[in-house]
Amino acid sequence: MRTHFRVVVIGGGVVGVSTLYHLTKKGWTDVALLERTELTAGSTWHAAGLLPLFNMSYTVGQLHKYSVDLYKRLPQETGQDVSFHVTGNLRLATCKERMDEYQKYCGTANTIGVPFEVITPAQVKELWPLAEIGGSADTPAIVGALYHPDDGHIAPADLTMALRKGARSAGAEIYEQTEVLGFERTSTGEWKIRTSKGDITAEHIVCATGNYARQTGRMLGLNVPAIPVEHQYIVYDESPELKAYRQAGGRELAVLRESDKSYYLREERMGWILGPYEKGAPARFADGVPDWFGRSLFPGDLERLLPHVEAAQRRVPSLENCGIKDIVNGPISYTPDGSPLIGPAWNLPNVWLNEGHSFGITAAGGSGWQLAEWIVEGEPGIDMLAVDPRRYGDYTSKRYVVKKNEETYRNVFVIHFPDEERPDGRPAKTSPVYDKIDRMGAVWGQRYGWERANWFAPPGVERKDQWSFRRTNYFEHVGNECRRMREHVGVIDLTPFTKHEVTGPGAEAWLDGLVANKVPTKIGRIALCHALTRRGGIRSEFTITKIADQHFYVVSAGAAERYDADYLRAALPKDGSVAMRNITTSRGCFVVAGPKSRDLLAKLTDAPLDNDSFPWLTSQTIEVGLAVDVYALRVNFVGALGWELHFPIEYAHHLFDALFEVGKQYGIGMVGMRAMESLRMEKSYRMWGSDMTPDYTPFEAGLDRFVRLKKGAFIGKEALEKQLASGVPNKFVTLEVHGVTDADPLGNEPLFDRSGKIIGRATSGYYGHCLRKSLAIGYAKAEFAAVGTELEIEILGERKKATVVQESPYDPDNKDLRA
Ligand SMILES: Cc1cc2nc3c(=O)[nH]c(=O)nc-3n(C[C@H](O)[C@H](O)[C@H](O)COP(=O)(O)OP(=O)(O)OC[C@H]3O[C@@H](n4cnc5c(N)ncnc54)[C@H](O)[C@@H]3O)c2cc1C
């Protein structure tokens with residue numbers, strides 16, 4: 001065994017082997033893979049081999065598409081057959097909301113180029129003659145279906161072997177029966193890997209250990225939020241009806257998914273494989289995989305399977321005539337949101353994760369492709385935020401992950417409403433004034449473990465969402481909150497914001513080198529700053545305030561806490577000239593905004609708040625009521641006169657009570673996240689993670705005024721200069737959408753030109769309650785971005801006319817903000 005490699009991949013499942021294969025494709029051939037027993041011994045050997053292209057995530061959808069394309073060409077490239085049956089994939093709908101879900105998905109599929117068809121019940125019958133269209137209480141009628149002609153199923157072990165062959169022929173080494181037992185950092189900054197066969201040193205390590213992810217993580221001091229859940233499928237004997245159909249010349253049937261009954265069905269040797277996502281499937285191995293498990297399976301649990309078996313028998317009656325040959329019940333890795341963990345680990349240099357795969361056969365190709373790119377190039381080629389391991393934080397306790405993973409598993413087939421908020425593992429992280437806000441009628445949602453009020457139910461209104469793809473029960477109440485903010489004064493609790501304190505003699509120069517804008521040089525100034533990728537894409541957004549000499553307050557999205565903290569920490573100068581502290585939970589934040597906000601705050605502070613004394617985009621450290629050391633920032637995300645009060649957390653109750661006591665005379669009220677979404681859409685404010693991503697540069701995002709090419713060097717500058725020279729391909733647009741009566745754009749809708757060609761995508765959308773207009777923001781090819789251009793947008797399968805309008809359709813001159 002060689003003892004030094006550039007990269008060592010740990011884990012010989014399909015995901016690890018694909019990562020190895022793709023590293024060699026990127027030209028890194030000094031690479032090895034270590035497997036504790038033999039290749040495919042983890043979950044890979046018993047997977048059902050389905051390759052669903054369907055995925056609501058823009059990122060995961062692209063990874064799956066890459067995989068399916070790769071698997072088709074692998075046999076020719078490697079000489080190893082992979083048994084890819086391109087049968088197509090049929091997802092049935094038996095209700096209108098399910099069709100809405102499919103139509104919403106079609107928007108994403110269109111923007112990433114996945115072929116699909118929406119078909120009628122009669123076409124379902126043609127494609128799948130053994131299925132009943134239904135029409136009874138037990139077997140609801142099929143109302144339509146989504147058909148992917150390009151996917152199907154594959155033999156997972158053969159696929160792994162083909163990838164292995166490809167990797168080895170390029171020079172990669174694979175060591176089986178070699179278990180990794182521990183890690184150490186060497187004095188030269190490499191990783192020493194202790195294995196059952198001796199030590200190996202490597203520059204980079206990739207963990208692709210499937211069900212063992214938590215154990216591997218623990219060896220590195222990482223709490224990896226991947227815990228497997230039991231997953232079963234039934235293998236049936238031969239079906240006489242299927243055999244007769246095939247012998248009569250029928251082609252292999254498409255993989256059938258009856259989403260509303262939560263199961264899939266596919267052919268297997270003239271019989272069937274039936275796989276449900278059941279209620280009550282338990283999480284396993286939260287403390288690690290026991291030694292005895294090895295290649296074992298769990299005993300089958302027929303009782304849990306039964307409701308799905310019965311539903312399948314009603315839809316495909318001939319199933320009743322088949323005997324059950326086997327039940328396969330194995331561990332399937334899950335994460336709280338169901339997406340894998342692909343990318344850098346946090347706090348550790350050159351440690352990479354490719355873990356937490358629940359559709360690992362499907363995602364292996366794409367995840368290996370992007371992770372290899374990330375390792376070799378330093379950055380992935382597509383926006384990977386949705387799968388970045390740092391989208392989670394310290395809050396992923398074992399019990400939280402167990403609850404969430406079990407919930408995610410049983411919800412695989414539920415309708416993924418855009419406003420869905422799942423209840424398990426909540427409330428976990430709350431603002432100090434949670435109870436007070438709760439008593440005001442809050443209807444809660446959760447993000448990054450934090451409870452956030454989405455909207456407020458007035459007295460007598462049920463505090464419950466009726467989730468929908470369309471306007472629904474909270475529409476009117478959200479509208480009232482918007483109007484309160486624009487006409488009186490509203491409070492939003494944004495305590496979850498990520499907050500860092502950066503101090504020291506080198507602080508200013510260091511921050512300036514990380515972002516495209518000029519970091520404020522005067523005490524009390526605020527600058528909106530973007531950290532870019534080397535390719536010039538938008539990585540992070542920071543609101544940077546100069547609090548005092550050598551003292552900056554850096555605020556970013558609540559969900560970016562670990563993502564940003566990890567980035568900043570890794571970039572800190574080694575000479576001690578800059579100190580950084582994460583103070584997210586030691587300061588709270590209330591947004592107090594609206595035309596009456598100045599009058600209200602004036603009653604609680606002696607600091608003069610007039611425009612001369614306290615202009616827009618400045619900050620002061622003031623006293624408010626009894627609270628001291630309050631950073632008052634005259635900025636907000638709703639486009640109103642107002643302040644963000646960032647206060648020492650111990651004053652949360654006092655400040656909240658004081659604001660509402662004094663605010664009564666000004667018509668004060670709470671405002672939730674959904675109203676904020678509507679208000680920011682009216683101002684064309686871009687949201688990090690959806691409208692600002694590594695896929696687009698600040699020039700494409702129309703953020704030119706936050707880029708200072710004339711200042712010194714900063715990350716991404718060269719890429720921006722190149723883009724300016726060659727032409728900016730896409731432009732940010734604000735769209736007014738016409739003729740919408742109940743389904744507003746919400747993001748990920750394709751934009752079409754007059755000839756029907758896709759020329760861009762909406763990244764967000766909402767109803768602008770104060771403007772009374774349906775609005776979207778997003779990106780269009782530069783030649784379609786001029787104000788007045790007529791486009792079309794597809795919302796839930798319907799084309800709507802959309803006009804490019806002036807940015808910030810509400811108050812374009814920012815008069816409210818400067819009032
Ligand atoms: C019943 C069932 C059906 C499924 N059906 C499908 C399907 O149809 N389609 C689909 O896309 N997905 C399916 N899956 C999921 C799929 O099996 C997994 O997502 C996929 O196999 C994960 O691959 P992996 O390489 O990440 O992990 P694994 O295949 O589990 O590989 C991890 C490897 O790491 C090794 N390892 C762990 N620790 C160490 C160590 N310390 N040192 C060295 N080696 C180590 C293990 O021995 C193992 O071989 C199914 C899963 C189950 C349980």
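Let's start with the ligand.

A word on ground rules. Residues are numbered from 1 along each chain as its sequence is written, and side-chain values use heavy atoms, with hydrogens and water left out. Because the model is predicted, local features need pLDDT of at least 70 and side-chain atom pairs count only at pLDDT 80 or more, while totals for chains, interfaces and linings use all residues.

A ligand oxygen sits 2.5 Å from a side-chain N or O atom of Thr 44. The backbone takes part too. A polar backbone atom of Val 15 is 3.1 Å from a ligand oxygen. For Leu 50, a backbone N or O atom lies 2.8 Å from an oxygen atom of the ligand.

How much of the ligand's own accessible area does the protein cover? The figure is 97% of 1,000 Å², by the Shrake-Rupley method with a 1.4 Å probe; for residues, only the protein chains shown count as cover. Helices (H or I, at least four residues) and strands (E, at least two) are DSSP runs, numbered from the N terminus.

Next, the cores. A nonpolar core is a set of buried Ala, Val, Leu, Ile, Met, Phe, Trp, Tyr and Cys residues joined through side-chain atoms within 4.5 Å. Buried means under 20% relative accessible area, exposed over 50%, partly exposed in between, with a 1.4 Å probe and protein chains only. The largest core has 54 residues. Val 9, Leu 20 and Tyr 71 are among those with the most contacts inside it. Contributors of at least two residues include β1 (4-10), α1, α5 (156-169) and α9. The largest share, eight residues, comes from α2.

Take Leu 159. Contact means heavy atoms within 4.5 Å. Beyond its neighbours within four places in sequence, Leu 159 touches Val 14, Tyr 71, Leu 74, Val 82, Ile 154 and Ile 361. There is also a second, separate core of 51 residues, including Tyr 474, Leu 532, Ala 701 and Leu 720.

Is His 148 buried or exposed? Buried, because its relative accessibility is 0%. His 148 lies in strand β5 (residues 144-148). Its contacts beyond four places in sequence include Leu 53, Phe 54, Tyr 105 and Phe 116.

All of α17 (residues 673-682) is covered: 10 of its 10 residues are buried. They pack against β18 (450-456), α12 (475-487), β19 (489-493), β32 (758-768) and β33 (773-781). Ser 684 follows α17, with a positive phi near 55°. Helix α14 (residues 561-571) has eight of its 11 residues buried, so it is largely enclosed by the rest of the structure. Its buried residues, among them Tyr 563 and Leu 568, pack against elements including β20 (498-503) and α13 (507-514).

Most residues other than glycine have a negative phi, and most peptide bonds are trans. Arg 426 and Pro 427 are joined by a cis peptide bond, omega about -10°. Pro 427 is in the loop between α10 (398-410) and α11 (434-439). Asn 350 has a positive phi of about 60°. Asn 350 sits in the loop between β15 (341-344) and β16 (351-355), and is partly exposed at 28%. Gln 550 has a positive phi near 55°. Its loop runs between β22 (538-548) and β23 (551-556). Gln 550 counts as partly exposed because its relative accessibility is 42%.

Conventions: A polar contact is a pair of N or O atoms within 3.5 Å; within protein, one must be able to donate a hydrogen and the other to accept it, and residues adjacent in sequence count only if both atoms are side-chain atoms.
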